[in-house]
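This briefing concerns a predicted model. Please look over the sequence and the structure below before reading on.

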Amino acid sequence: MLQELDILNYTTIKGRSIDQIHLTYEVFGKPLYTAPIVLVNHALTGNSAVCGEHGWWNGLIGKDKCIDTNRYTVLSFNIPGNGYDGKEENLIEEYKIFNARDIAAIFSEGLKLLKIDKLHAVIGGSVGGGIAWELAALNPSLITHLIPVATDWKSTDWLKANCLVQEQILLNSKDPVHDARLHAMLIYRSPESFKQKFNRTYNDEKDMYNIESWLLYHGEKLDGRFALSAYKELNHILANIDITKGRGDFDEVVASIQSNIHIISVDSDIFFTAEEDRATFKKLKRVKQNVTHKIINSVHGHDAFLIEFEQLNALLKDVF
Ligand SMILES: N[C@@H](CCO)C(=O)O
């Protein structure tokens, strides 16, 4: 069930004052305050429905699953403006208003209102993992296990470049959400993934290759479920993750984070690359003991965090 908190008088990192932000959330598993809490951050087009009927992470979260709802309270916030709170008026038109740290700060305010001062774990894929990094940097003693999946503590130049292409499509296309999704699917998957899935097969009825009709299907599907303003906002947040911005040195920022950090990458991810995470891990190891870096082996690229559940479960079983 969707629940709502009002965050009052929030000032953005860039200094804009907002009187009221509606922060919606869902709770699964054990009721709040009866069990350790796992906060799950959704990705670009996701939402707080992490498990259950419309759950997007059912392969990982649920009864007797790796993140077992018999044992944990699972909490998930909707990023304000993502369009999944059922209220048109809560969509955000000024799409550059928030960066990833703002969202982490808004989540922190939500946790304060819920009187939560300890999280067993925070896990998130892609931009959700970037927000998890920002949350840990903002609240160094809040999180016991920080689990950034297919993500990083920063948006790289490569990521920003792809987000700029996304933004230009969203601003200039006649069919913005549909067309932006077509481009996005290319960076969420991989050449090998397409080869294994389609192998140049042709659909006579549609008179097009199966890869083409699959891409168009994904464009239409997202167009039916995701608002343009939400896409623009989330894309901007994705392009603006950086736990060091305005704080200075990476070593100092991460040294203050008390969490055990479990980085998970996908070997074929061309969006948040495993190589970049390897460099992050190497830098972290200089200043911290409690850090691991594990790899999902997959042809599916970035989206493997939504596909390769067997591996994800195996990599995370020690934490949960
Ligand atoms: N497929 C995911 C990838 C973004 O990280 C989404 O649409 O949210």
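A salt bridge here is a side-chain nitrogen of Lys or Arg within 4 Å of a carboxyl oxygen of Asp or Glu, and a residue is called buried when its relative accessible area is under 20%.

- E233, which lies in helix α7 (residues 228-239), is buried yet has no salt bridge, the nearest side chain of opposite charge being that of K232, 11 Å away.
- Leaving aside neighbours within four places in sequence, E233 is in contact with I79, P80, G81, N82, I92, Y95 and F98.

**Domains**
- The domain assignment divides the chain into domain 1 (3-155 + 242-316) and domain 2 (158-235), with C-alpha centres 24 Å apart.
- Between these domains, 25 residues of domain 1 are in contact with 27 residues of domain 2.
- An unreviewed UniProt entry lists residues 36-152 as "domain: AB hydrolase-1"; over these residues the chain is 22% helix and 24% strand, and the end C-alpha atoms are 25 Å apart.

**Nonpolar cores**
- In the largest nonpolar core, which has 74 residues, F77, F98, L119 and W133 touch the most other members, and this core draws at least three residues from each of domain 1 and domain 2.
- Leaving aside neighbours within four places in sequence, F77 is in contact with residues including L5, L23, Y25, L39, V40, F107, L111 and L114.
- A second, separate core of 30 residues includes L60, V74, V149 and L315.

Conventions. Residues numbered from 1 in each chain as written. Predicted model: local features only at pLDDT ≥ 70, side-chain atom pairs only at ≥ 80, totals over all residues. Heavy atoms only, no water. UniProt positions renumbered as here; feature names shortened; annotations may be inferred. Helix = DSSP H or I, 4+ residues; strand = E, 2+ residues; numbered from the N terminus. Buried < 20%, exposed > 50% of the residue type's maximum accessible area, 1.4 Å probe, protein only. Lys, Arg positive; Asp, Glu negative; His and termini not counted. Contact = heavy atoms within 4.5 Å. Core = buried A, V, L, I, M, F, W, Y, C linked by side-chain atoms within 4.5 Å. Domains from an automatic or database assignment.
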